[in-house]
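Welcome, and please open the structure in your viewer. We will go from stop to stop, with something to select at each one.

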Amino acid sequence: MLKVGITGNIGSGKTTVSKIFEILGVPVFYADDAAKKVMVEDAILIDALKAEFGDESYFDEGSLNRKHIASIVFNNEAELAKLNAIVHPAVFRAFDNWVAGIKNAPYVMKEAALLFESSSYKMCDKTIMVTAPLELRINRVMQRDNLTREEIESRNARQFSEEKKIQLADFIIRNDDTELVIPQVLELHKQFSSH
Ligand code: ATP
């Protein structure tokens, strides 16, 4: 089955665009939601996380001690890389299991903020990058979340640049209010469906 990865930097609209594909009947796997789920469900991951960051990574009833993990990885690239090295493979496993359960779909999609940064694009047959200018993305996220401009800019700075992702991606969807989005989605849907 064709696997299409879809990404975009903060506020680009990758989730919004993915929902349009879902309306067309395409199954979409949301990697960031899956990451939250595997953190409390995947036994291999839980053991690895406790071994790396201590038993206090989880509370007694099994929920994740986010504050503890955040205090270790915050502003520490090496520790963050260790966390990602544990979480990303678990998300890949969850994606594979999810794909195995899909029947009768012409293709499936994986929506991931860090599709290129995490190398998970290598497991996709095609990739889509959703783009919009930084100023527009900042305004969208400021309206959606209770975040300051500085917080959004700092999150954006931790992602690969749009230019780099545009080069890596097979297809671009412009979500910048200059082009209608739905026709762009329909065009790609036609291509992927006739694959
Ligand atoms: P993040 O990485 O921060 O989760 P995202 O790339 O998934 O962001 P969305 O959540 O889809 O982006 O969109 C960001 C915000 O912008 C949302 O509130 C969404 O409703 C809004 N938005 C996205 N595209 C458009 C558009 N074309 N017109 C108006 N609002 C939009």
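Start by selecting Val-4 and Lys-126: Val-4 stands opposite Lys-126 in strand S4. Before going further, keep in mind that this is a predicted model.

**Stop 1: strand S4 and its partners**

Now widen the selection to residues 2-8, which form strand S1, and look at how S1 lies beside S4: the two run parallel and are joined by 5 bridges. Next, select residues 126-131 to see the whole of S4. How many of the residues of S4 are buried? The count is 5 of 6, so the strand is mostly covered, with buried meaning under 20% relative accessible area.

**Stop 2: two loop residues**

Select Ser-119, in the loop between strand S3 (107-111) and S4. Its phi is near 70°, a positive value in a residue that is not glycine. In general, most residues other than glycine have a negative phi. Is Ser-119 buried or partly exposed? At 29% relative accessibility, Ser-119 counts as partly exposed.

Now jump to Asp-177, in the loop that lies between S5 and helix H9 (181-193). Asp-177 is not a glycine either, yet it has a positive phi of about 70°.

**Stop 3: helices H6 and H7**

For the last stop, select residues 134-144 for helix H6 and residues 149-157 for helix H7. At what angle do H6 and H7 pack? The angle is about 125°, and the axes are 10 Å apart. H6 and H7 are therefore oblique to each other, and their crossing is right-handed.

Show the side chains where the two helices touch. On H6, pick Leu-134, Glu-135, Arg-137, Ile-138, Asn-139, Val-141 and Met-142; on H7, pick Arg-149, Ile-152, Glu-153 and Asn-156. Colour this contact by residue class and you will find 5 nonpolar, 2 polar and 4 charged residues.

Terms used: Residues numbered from 1 in each chain as written. Predicted model: local features only at pLDDT ≥ 70, side-chain atom pairs only at ≥ 80, totals over all residues. Heavy atoms only, no water. Axes fitted to C-alpha atoms, helices over the stretch in contact; angles between N-to-C directions. Helix = DSSP H or I, 4+ residues; strand = E, 2+ residues; numbered from the N terminus. Parallel < 35°, antiparallel > 145°, perpendicular 65-115°, else oblique. Left-handed = near helix turned anticlockwise from the far one by under 90°. Contact = heavy atoms within 4.5 Å. Nonpolar A, V, L, I, M, F, W, Y, C, P; charged D, E, K, R; others polar. Buried < 20%, exposed > 50% of the residue type's maximum accessible area, 1.4 Å probe, protein only. Pairing = 2+ DSSP bridges.
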